[in-house]
Amino acid sequence: MRNSTDPAVRRSRTGRIDLYGALGAAILVALAFVVPHLADDRWRDSLYAAAAPIFGSWEPHWGWGTGPAIAIGVLVTVYGPGLAGRMSWRWLLPAVWLTALAWSFALAMVDGWQRGFAGRLTTGHEYLHEVGGVSSIGAMLRGFADRILDFQPDSWTTHVSGHPPGALLTFVLLDRAGLGGGTWAALVCTAVGCSAAVAVVVAIRALGAPERARAVAPFLALAPAAIWLAVSADALFTGVSAWAVALLALAVEPGRRRPAVAFGAGILFGYSVYLNYGLILMAIPAAAVLMLRGVRGAWPAAVGALTVVALFTLSGFWWLDGYHLVVERYYQGIATTRPASYWVWGNLAATVCAVGLASAAGATRLSGNLGLPRSPRFSGSAAAALRDWRGRVDPAALMAAAGLLALLVADISLLSKAETERIWLPFDIWVLACTALLPVRTARRWLAVQVVGTLLIAHLILTNW
């Protein structure tokens, strides 16, 4: 009879816990899909999501992207972990980005070129609908807040009104650079969004966990979130905010202070909150980086962020005014009808669809890798306690926990009832770091689970994004 301290017994026990985590997440998703069908028609209609918890409709389909998506999924599952473990960083980083791009584009092509890619950002609710009406960027910024509320002749469309002016400004600048229209917008959003996978790898490596960075690389390349990275504007937000965190991690590496990189991180952080009000919560992953590495060398980031705030403010847009108006606008629409009793947990089920069951399995290992003391007593100074904690914490676990915390705060706010598989992409990309905690020997199995789950969603549900 084997002793409980036997390594094989411990591996078996932790392996079962991983499975329990994935099973619990699977049950949550199943309940979220089933409950609406058990309710009466009136309550089900109030969800405003025919395939709740996913914003889309049940429509089994396939397209010319089906074959490439299956091929990419199989190849990365079989060869990805091995290649990620031995490739040089010079090749691994672009390989992750290109694989994520190919995976995202193939999934989009399951719905077809126009419906799945080129036409996604051209509908009446999207940013491109307003681009042609912006004759003066200065006038747009000065009068932006006045057009947020609904039921006015000149109210912004749904997505423009729901975000700060940085989002619309980005698409206006693309148009004026000669990159107008749905195809260019989709390409930019997808390319920047998929680069978030590289940003997470870079950040975890810079925080002192290169092996964890290699372990998570295939999972990021095959993220289920790819369904919404191609194509939604939130993919753009994801890429910008992820690189803000990654640059901050690079800027505060011990012995390698980089003020220019820190300033760049601040610029991206600042611009993030003018792309999406909710990205103020990216302060949580940023704080995690500084907790681990300290604040020395980070002050240029504050300067960069304040520079962006100053530019928008001097241009006539005050962020807090916009935020309060957008909350009012939110409750002018279907948010008053969508039941919080469902979406407060349905949102989490949608998140599982975006990060996959492998992330749920890895999340069971978070507490054991966050370096939390077994005893609350510590006789030394706070500085000594912090140094001691930094020596124990796993950077991948810390960043995953930060992403999860940001996501939970967003959920509690009730300002994102539904569509969170898209809206929470900037947080989801960090939650995927949980997969780095899974044993290397199980990587292929969990990658296969990710691929199968993603393909099922892409082929059974016609998503709105």
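A contact means that heavy atoms lie within 4.5 Å. Among contacts in the protein chain between residues at least 6 apart in sequence, 84% join residues at least 24 apart. This is a predicted model, in which local features need pLDDT of at least 70, side-chain atom pairs count only at pLDDT 80 or more, and totals for chains, interfaces and linings use all residues. Residues are numbered from 1 along each chain as its sequence is written, and side-chain values use heavy atoms, with hydrogens and water left out.

**Overall form**

- The protein chain contains 25 helices and two strands; these are DSSP runs numbered from the N terminus, with helices (H or I) of at least four residues and strands (E) of at least two.
- The radius of gyration of the protein chain is 22 Å, close to the 23 Å that the globule rule gives for 465 residues, so the chain is as compact as a globular protein of that length. The radius is taken over C-alpha atoms, and the rule is 2.2 Å times the number of residues to the power 0.38.
- Along its principal axes, the C-alpha trace of the protein chain spans about 75 × 50 × 40 Å.
- Of the 465 residues, 53% count as buried (buried means under 20% relative accessible area, exposed over 50%, and partly exposed in between, with a 1.4 Å probe and protein chains only).

- Helix 4 (residues 89–108) has 20 residues, which should span 28 Å at 1.5 Å a residue; its end C-alpha atoms are 29 Å apart, which agrees. The expected span is 1.5 Å times one less than the number of residues.
- The buried residues of helix 4 include Trp-89, Trp-103 and Leu-107.
- Among the elements that cover the buried residues of helix 4 are helix 3 (66–86), helix 10 (182–206) and helix 12 (226–229).
- Helix 9 (residues 165–176) reaches 16 Å from its first C-alpha to its last, close to the 16 Å expected for its 12 residues.
- Nine of the 12 residues of helix 9 are buried, so this helix is largely enclosed by the rest of the structure.
- Helix 9 is followed by Gly-178, whose phi is positive, near 90°.

- Ile-227 lies in helix 12 and counts as buried at 7% relative accessibility.
- Leaving aside residues up to four places away in sequence, Ile-227 touches several residues, including Leu-107, Ile-457 and Trp-465.
- Pro-300 belongs to helix 16 (residues 299–314) and is buried, with a relative accessible area of 5%.
- Pro-300 touches Pro-259, Ala-262 and Phe-263, not counting residues up to four places away in sequence.

**Backbone features in loops**

- The peptide bond from Ala-52 to Pro-53 is cis, with omega near 15°; Pro-53 lies in the loop between helix 2 (41–45) and strand 1 (56–58).
- Tyr-48 is placed in the loop between helix 2 and strand 1. Tyr-48 has a positive phi of about 50° although it is not a glycine, and counts as partly exposed at 41% relative accessibility.
- A cis peptide bond joins Ala-230 and Val-231, with omega about 10°; Val-231 is found in the loop between helix 12 and helix 13 (233–251).
- Ala-418, in the loop between helix 22 (395–413) and helix 23 (420–423), has a positive phi near 85° and is buried, with a relative accessible area of 3%.
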